Each structure stands twice: as structure tokens, then as C-alpha cells.
Amino acid sequence: MESGALSRAQQALVRESWQRVRGDPVQHGTVLFRRLFDLDPDLLPLFQYNCKQFASPQECLSAPEFLDHIRKVMLVIDAAVNQLENLPCLEEYLYNLGKKHQAVGVKVESFSTVGESLLYMLENCLGTAFCPDVREAWTKLYDAVVKAMRHGWDTLPEGD
Ligand code: HEM
């Protein structure tokens, strides 16, 4: 994660803006995932709990297991914000998280759409405070997280 390290000023922008989001992770995470399903409805079938498929994004967005996934996503972002000065310490965790997502059938390309949805959620929450500098700082952080996760797709699944 060296090349994409955030400057001190960018770290401050990310920390400050996250303060307004972290207090209500489920609400803001729901905005993120509603946007994600709007942009790519094909992601919906990847979320199955007890082999049950959701009939609609709305059904998924109100399922307790899915709300847990939203909490998990927001916790990972929270961890990254807390470790802005030392992102490499998350690399191994993120690599394993990438591997888990590869195993459940997520395509690495879908993480670009997740990134778009994250920026949408931040803009939705922060309004005019989501200025170009804040957007750039978040883009850099998200890119660093995905860069670490994508190594999980580099290794072949066992047995190949
Ligand atoms: C294309 C978007 C995504 C899809 C389709 C997806 C799908 C899944 C699925 C099916 C699971 C297993 C079931 C569950 O725990 O609910 C899972 C687990 C998880 N996801 Fe995602 N996910 C996505 C994005 C993300 C992102 C962006 C993050 C965080 C940056 C994330 C963090 C997690 C975590 C922490 C777990 C639990 C892993 C564990 O059990 O150790 N997911 N995801």
C-alpha cells in the first residue's frame, strides 16, 4: 500500500468526514448497498443465507443477515480509517477477505462498482462538505483497500 499512501492532509479529510458517517453505519451502509444493487442488480444473488435467495433488493436490504454484512463492511472501513498511518498492517486481513469474496463468487471487477457506491453514500451523507479534495482522499483510501483485497483473486482456488 506504499505507493498510494495518503498525505497528512488527506488523512485529516478522511478522518473528519468519517466522523459524520460512523455514528450510523447501518443507515449509511444501506444507502451504499441500495446504490450498489441499482448499479449492478446481478450482485443480489450472491447474498444467500440458508440457501435462500432474495426476491428483491428491498427484501435483501431488510434481512438481519444482510444488515450484519453491512455492519461488517462499515467495520472494515472504520478499521482502515483508524489505521490511515499504517495501512500495511491490514494487508493480510484484507488479502484473506479478498479470498473469501472470491470463494463466494464475487468478481474483483465488482469492487469498482462498490467504490462508486461508497462515494455516492459519502456525498449523500456529507452534502457540500464532500468537496473534490475529500473525494480524492477517499478514492485513494478505497483504492488501497481494494489493492490489498484483490491479491485474494491472484491465487488459484485449491485443487486447480
Ligand atoms: C460486491 C460487493 C460484495 C459482495 C457481493 C459481498 C458478499 C459477501 C458474502 C456473500 C459474504 C458471506 C456472507 C456474510 O458474511 O454476509 C461476505 C462476507 C463479508 N464481507 Fe462482503 N461482499 C461485498 C463487499 C464487501 C466489502 C466492500 C467489504 C469490506 C470492505 C466486505 C466485507 C465483508 C466481511 C468483513 C465479511 C465477513 C467475512 C468473514 O466471515 O470472515 N464485503 N461478503
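**View 1. Lys 72 and the ligand in a predicted model.** An oxygen atom of the ligand lies 2.5 Å from an N or O atom in the Lys 72 side chain. That is a polar contact (a pair of N or O atoms within 3.5 Å). The model is predicted: local features need pLDDT of at least 70, side-chain atom pairs count only at pLDDT 80 or more, and totals for chains, interfaces and linings use all residues. Residues are numbered from 1 along each chain as its sequence is written, and side-chain values use heavy atoms, with hydrogens and water left out.

View 2. A polar side-chain atom of His 69 is 2.8 Å from a nitrogen atom of the ligand. For His 101, an N or O atom of the side chain lies 2.8 Å from a ligand nitrogen atom.

**View 3. The shell around the ligand.** The ligand is surrounded by 16 residues (one heavy atom within 4 Å). Tyr 49, His 69, Lys 72, Lys 100 and His 101 are the closest. Helix 4, helix 5 and helix 6 each supply at least two shell residues (helices are DSSP runs of H or I, at least four residues, numbered from the N terminus).

View 4. Twelve of the 17 residues of helix 6 are buried (under 20% relative accessible area, 1.4 Å probe, protein chains only). Among them are Phe 111, Val 114, Leu 118 and Met 121. The buried residues pack against helix 1 (8–22), helix 2 (25–39), helix 4 (64–82), helix 5 (91–103) and helix 7 (132–154) (contact: heavy atoms within 4.5 Å).

Technical notes
Buried means under 20% relative accessible area, exposed over 50%, partly exposed in between (1.4 Å probe, protein chains only). A polar contact is a pair of N or O atoms within 3.5 Å; within protein, one must be able to donate a hydrogen and the other to accept it, and residues adjacent in sequence count only if both atoms are side-chain atoms.
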